[in-house]
Amino acid sequence: MSQSRNQRCLEPGLSVLVGTADAAGMPSCCRGIAISTADDLQTITVYVPVATSHETIQNVGVTRRVAVTVTHPRDNFATQFKGSAVEARLAREDEAPFVRARLDAFADVLDRIGVPRRVTRGMAHWPAFAVTLRVDQTFEQTPGPNAGRPIA
Amino acid sequence: MKVRVSDIRRCFQGVVPSMVATADGRGVPNVVYVSQVYFVDDRHVALSCQFFSKTRRNLDENPVACAEVMDPITLQAYRLKLKFLRSERSGPLFDTMSLRIDAIASHTGMAGVFKLIAADVFEVLSADLVEGYLMDAPVDAPAGASLDGLRTEVRGLQWVSDRINRATSLESLLSGVLEALEEYFTFSHTSVLLHDEANHRLTTLASRGYGRSGIGAEVGIGEGLIGTVARERRLLRLSSLDADLRYGRAIRRAAADGSRMLQEEIPLPGLPDAQSVLAIPLTVGDRLIGVIAAEDRDPMRFNEWHEAYLEVLANQIALGIDRMIERCDEPADTSPAIDAPAPLPAKPAAPRSRRRLTYYKHDDAIFVDDEYLIRNIPARILWKVLGESTRTGRTEFSNREMRIDPSLGLPPVKDNFESRLILLRHRLQEKCPDLQIVSTGRGRFALRADAVIEMSER
């Protein structure tokens, strides 16, 4: 994946979606608040609110399979990562400022397209679980005929 | 907490995109945004299949999904567990979903590229409020724009019917209807476009809330939101225009790399920052009379109640317009002006301004002082009466003499002569107010010039 695309996937202001499935293949989804990486997207850590991610965390514990889609709300530029969870833990207090800053950035972006900041900031975001996955595949997810194609 | 799907119908208006997760046959999940989950009934919803995506392939392998939808007012999320039942490629559900997608596609210059392949129908296995999604309890939804209970439906029909019946001309009918829509429904940005069969276009003949600039605006059948409504003869209600257009433009950018030529985007008529649109076709039988459109900056302005109820009103409005067009086309009940002695041209009492009108044959258009005035049949009508007036001094004319003049190119039936005069009158008011077309009775009109008119042809 190109360096510029990598950067766009990590910018503040992204919408983050998390998909999992249980052992029987029944899918589940929840909203994430932030993603981060320490190794150029070889692994990513996605933060999901404890309040809304019970099913997601349960599924991760059983199957370890996770899909994460990040989208720029203003132009729908989107990328999906799929991989296996290597760690799922309660986020540490020292990660709270990062999570809060990402939520604020998301609120700023949505505010520019008509969703008031106070509304977005009212979404549950802390405490959060931090789920780290090893990225096996990356996909183009921007709407259009190329959506779903693997990105080398 | 379990909820009934019909109790969270606001989530299905497409204001806030929804997320959908599926998994393939090996249990590998996939999660994407969809612009809208469609409400079908209390036990069923539908998703649009526009591209043969991973979501679609997963459903073939493992026919279950999870959707998270959001109430656009309270921002509360709800999670639905779904079982895929079937893909519909025709029928009422397909047509409804297709109309919305076609309209957005056409508006963003993506007609034919961005289209509905199938309506995928799901059984709702469960629907739950996502506990803890909002840190504070969601605020109660405001009463909103719905007028349920405030005024009776019968009273509304009576209100609009009265305006239609009191109208003495097509112009007063159109303005009366828009006035009634503002008074009764508080729709403050509305327009009526009438169908011109001769050039297969819709022309704005009345508007409210836009100033004068909307009159005369044209849109081709099948072009943009309103043109698509006209072509399909189906009502369209969009609740999140911004999001839909961003989505359409994203696809346009993605498709622009290909070899297909994309048409230029058509500017929306009316409010530049409209967030919701309600466009209703006006038809009599199978015949398209026009389109009535309302816009608002509030993304939740129009609801299902408006949709169902205004469809009934639209029938009345269409019949009223059609009747008025017929009546206006009746021959004048007095001797045609062509037989009347030509009155002497009045001498100007004071020095008058000069207006230079140029008719461009190739474009079939008239410019006044180098500014576009009007084109097609209304332009030919103006050129004819101006020429006649210059040659003979006549200022009074009849509709009948215009209708039988083959050089004007009016269709032999349903020529919409009155609507062309309305358009001409408005354009003159806007661009050349010292030249007027004035009604002098049924089937008659007069030319009034307070300026010296210089005519030339190119």
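1. Basis. The model is predicted: local features need pLDDT of at least 70, side-chain atom pairs count only at pLDDT 80 or more, and totals for chains, interfaces and linings use all residues. Residues are numbered from 1 along each chain as its sequence is written, while chains are lettered from A and ligands numbered from 1 in the order in which they are written.

2. Chain A overall. Chain A has 4 helices and 7 strands, where helices (H or I, at least four residues) and strands (E, at least two) are DSSP runs numbered from the N terminus. Along the sequence the order is α-β-β-β-β-α-β-β-α-α-β. Of the 152 residues in chain A, 43% are buried. A residue counts as buried if 20 or more other C-beta atoms lie within 10 Å of its own, as exposed if 12 or fewer do, and as partly exposed in between, with C-beta atoms placed from the backbone. Among contacts in chain A with a separation of 6 or more, 69% are between residues 24 or more positions apart; a contact requires C-beta atoms, placed from the backbone, within 7 Å.

3. Chain B overall. Chain B contains 10 helices and 20 strands. Buried residues account for 45% of its 458 residues. For chain B, too, residues 24 or more positions apart make up 69% of the contacts with a separation of 6 or more.

4. Contact between the chains. On the chain B side 34 residues are in contact with 36 residues of chain A. The chain B elements that give two or more residues to this side are strand 1 (18-23), strand 2 (29-34), strand 5 (64-70) and helix 6 (241-255). Helix 6 of chain B provides the largest share, 7 residues. By class, the chain B side has 22 nonpolar, 6 polar and 6 charged residues. Here Ala, Val, Leu, Ile, Met, Phe, Trp, Tyr, Cys and Pro count as nonpolar, Asp, Glu, Lys and Arg as charged, and the others, Gly among them, as polar.

5. B:Lys54. This residue lies in helix 1 (residues 54-61) of chain B. B:Lys54 is buried, with 20 other C-beta atoms within 10 Å. Not counting residues up to four places away in sequence, B:Lys54 touches A:Gly148 and B:Asn30. Its C-alpha atom is separated by 9.5 Å from that of B:Val31, 23 residues apart along the chain.

6. Helix 3 of chain A. Residues 96-112 form this helix of 17 residues, which reaches 25 Å from first C-alpha to last, close to the 24 Å expected at 1.5 Å a residue; the expected span is 1.5 Å times one less than the number of residues. A:Val99, A:Arg102, A:Leu103, A:Phe106 and A:Leu110 are buried. Seen down the helix axis, these buried residues fall within an arc of 100 degrees, so they line one face of helix 3 of chain A; the arc is that of the directions from the helix axis to the C-beta atoms. A:Pro97, A:Ala101 and A:Arg112 are exposed on the other side. The buried residues pack against strand 1 (15-21), strand 3 (34-36), strand 4 (43-49), helix 4 (117-121) and strand 7 (128-140) of chain A.

7. Helices 8 and 10 of chain B. Helix 8 (residues 376-392) and helix 10 (residues 417-431) of chain B pack at about 75 degrees, with their axes 9 Å apart. Axes are lines fitted to C-alpha atoms, for helices over the stretch in contact, and angles run from 0 to 180 degrees between N-to-C directions. Helix 8 of chain B is therefore roughly perpendicular to helix 10 of chain B, a label for angles of 65 to 115 degrees. Helix 8 contributes B:Ile377, B:Pro378, B:Ile381 and B:Leu382 to the contact, and helix 10 contributes B:Arg420, B:Leu423 and B:Leu424. In helix 10 of chain B, 11 of the 15 residues are buried, so this helix is largely enclosed by the rest of the structure.

8. Backbone details. A cis peptide bond joins A:Trp126 and A:Pro127, with omega about 0 degrees; A:Pro127 is in the loop between helix 4 and strand 7 of chain A. B:Asp369 has a positive phi, near 50 degrees, and is partly exposed, with 13 other C-beta atoms within 10 Å. B:Asn376 has a positive phi of about 60 degrees, is found in helix 8 of chain B and counts as buried.

Conventions: Contact = placed C-beta atoms within 7 Å. Parallel < 35°, antiparallel > 145°, perpendicular 65-115°, else oblique.
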